[in-house]
Amino acid sequence: RAARRREQAPPRIVVGCETCYLRLLQTAKRIGAIGLHDCPQLHPVFLEEVLAEAGDRAGVAVTTPPDIPAMAERKRREYELADKLLIYSDVHRRSFLRGGFSEDRLFQSALWADPALWYRDEPVNPSDASKPLRLLFVGSINLRKGIPFLFEAIRNCGKSVKLTLVGPRSSESESLLRAAGDSIEIVGPQTKAVLRETYLQHDVFVLPSVADSFGFVALEAMACGLPAIVTENCGVPVPDPTWRIPAMDPEALTTRMLMYADDRTLVAEHAMVAKSFAAQLGPENYRRNIRGLYRSLLN
């Protein structure tokens, strides 16, 4: 329907999200409009490679590709037709360069955390140093989010940390969860209002992603005053490069978590840094970037 309507009233730019608008892209090419392609996912070639590596390292069988064949072919055709691809992060860019795309076809803009939803009014009060550091993970409990490597790091930390997992479970993580022990608490998915309260009840956020084009939850956590530990394969921006560790590296995770467990003053300092940094990445920052992109395309 959208493709038919655009035939009758040709635009200068068409915008769509992957797997949703192949026919509209075909029409755009035919009528001479610019096709802007919003790509929420990492490039499939990169994604398959890193998941296979993660499976090998963790001893977890990766039996299915990220996309069924028909979906993979649809993505490939959309990529081919689009003039410009909208990406969110450095790892997102890396994935498309690995997929054979040139720099001039990519436009990068970080996503956002809505300050109306994610904020902290109360002072930051880290847990007492005599108690375990309260770590929080939010997301799907699976290989792609780095759960096997996180669990190994938790074991390495002993009783210095306690981890809460918020999110849906997956079949591939069930054996790990059964052996998790009392240092790990698992709760199901939460509403945004409840999740904000959950952020405020913890000291440090951890998202050890194997492959994540952005990672909204880490930015939400920072907006709520939590220091974040993320990997080089997690796209979310961070205030300092040291907040980012190598992917699939339990030792690096252990070191970073114990650093906070041993110094609760640092937790409080980094909490304020996180909150201030996330405040710069609200919706208006994204709108400003996209307005600049539209102007450059129209010119």
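Is phenylalanine 216 buried, partly exposed or exposed? The views below get to that residue along the way.

These are close-ups of a predicted model, where local features need pLDDT of at least 70, side-chain atom pairs count only at pLDDT 80 or more, and totals for chains, interfaces and linings use all residues. Numbering runs from 1 along each chain as its sequence is written, and side-chain values use heavy atoms, with hydrogens and water left out.

**View 1. The ring pair of phenylalanine 214 and phenylalanine 216.** Their ring centres are 5.4 Å apart and their planes meet at 70°, so this one is edge-to-face. (Rings of Phe, Tyr and Trp, the last by its six-membered ring, pair if their centres lie within 6.5 Å; planes under 30 degrees apart are stacked, over 60 edge-to-face, and the rest tilted.) Phenylalanine 216 counts as partly exposed, at 35% relative accessibility, while phenylalanine 214 is buried at 2%.

**View 2. Tyrosine 79 against phenylalanine 101.** A search of the whole structure turns up eight aromatic pairs. In this one the ring centres sit 5.8 Å apart with planes at 85°, so it is edge-to-face. The pair links distant parts of the chain, 22 residues apart: tyrosine 79 belongs to helix H4 (residues 69–81), and phenylalanine 101 to the loop between H5 and strand S4 (106–108). (Helices, H or I with at least four residues, and strands, E with at least two, are DSSP runs numbered from the N terminus.) Both residues are buried.

**View 3. Glutamate 78, also in helix H4.** Glutamate 78 is buried, with a relative accessible area of 0%. Setting aside residues up to four places away in sequence, it touches Glu18, Thr19, Cys20, Tyr21, Leu22, Leu25 and His37. (Contact means heavy atoms within 4.5 Å.) The C-alpha atoms of glutamate 78 and tyrosine 21 are 7.9 Å apart, though 57 residues separate the two along the chain. Threonine 19, one of those contacts, has a positive phi of about 70° despite not being a glycine. Threonine 19 lies in the loop between strand S1 (13–17) and helix H2 (22–31) and is partly exposed, at 25% relative accessible area.

**View 4. Helix H9 (residues 216–223) and its cover.** Seven of the eight residues in H9 are buried: Val217, Ala218, Leu219, Glu220, Ala221, Met222 and Ala223. Their cover includes strand S5 (133–138), helix H8 (192–200), strand S8 (204–207), S9 and helix H11 (264–279). Just past the helix, glycine 225 takes a positive phi of about 85°.

**View 5. Asparagine 233 and methionine 248.** Asparagine 233 sits in the loop between strand S9 (228–231) and strand S10 (244–245), and is buried at 6% relative accessible area. Leaving out residues up to four places away in sequence, its contacts are Phe46, Val50, Val91, Arg94, Ser209, Val210, Ala211, Asp212, Ala247 and Met248. Methionine 248 lies in the loop between S10 and helix H10 (250–262). Its phi is near 60°, a positive value in a residue other than glycine, and at 8% relative accessibility methionine 248 counts as buried.

**View 6. The largest pocket, with about 230 Å³ of space.** A pocket here comes from a 1 Å grid over the protein atoms alone: an open set of points where a 1.4 Å probe fits, with protein on both sides within 12 Å along at least five of seven lines; lining residues have an atom within 4 Å of a point. Grid points are joined across faces, edges and corners, and the volume is the space filled by probe spheres set on them. Lining residues include Leu51, Pro65, Pro66, Arg144 and Glu172. By class, the lining has six nonpolar, three polar and two charged residues. (Ala, Val, Leu, Ile, Met, Phe, Trp, Tyr, Cys and Pro count as nonpolar, Asp, Glu, Lys and Arg as charged, and the others, Gly among them, as polar.)

**View 7. The second largest pocket, with about 180 Å³ of space.** Of its 13 lining residues, Ser89, Asp90, Val91, Gly235 and Arg244 are the closest to the centre. Helix H5 (residues 90–98) gives the largest share of the lining, three residues.

Methods: Buried < 20%, exposed > 50% of the residue type's maximum accessible area, 1.4 Å probe, protein only.
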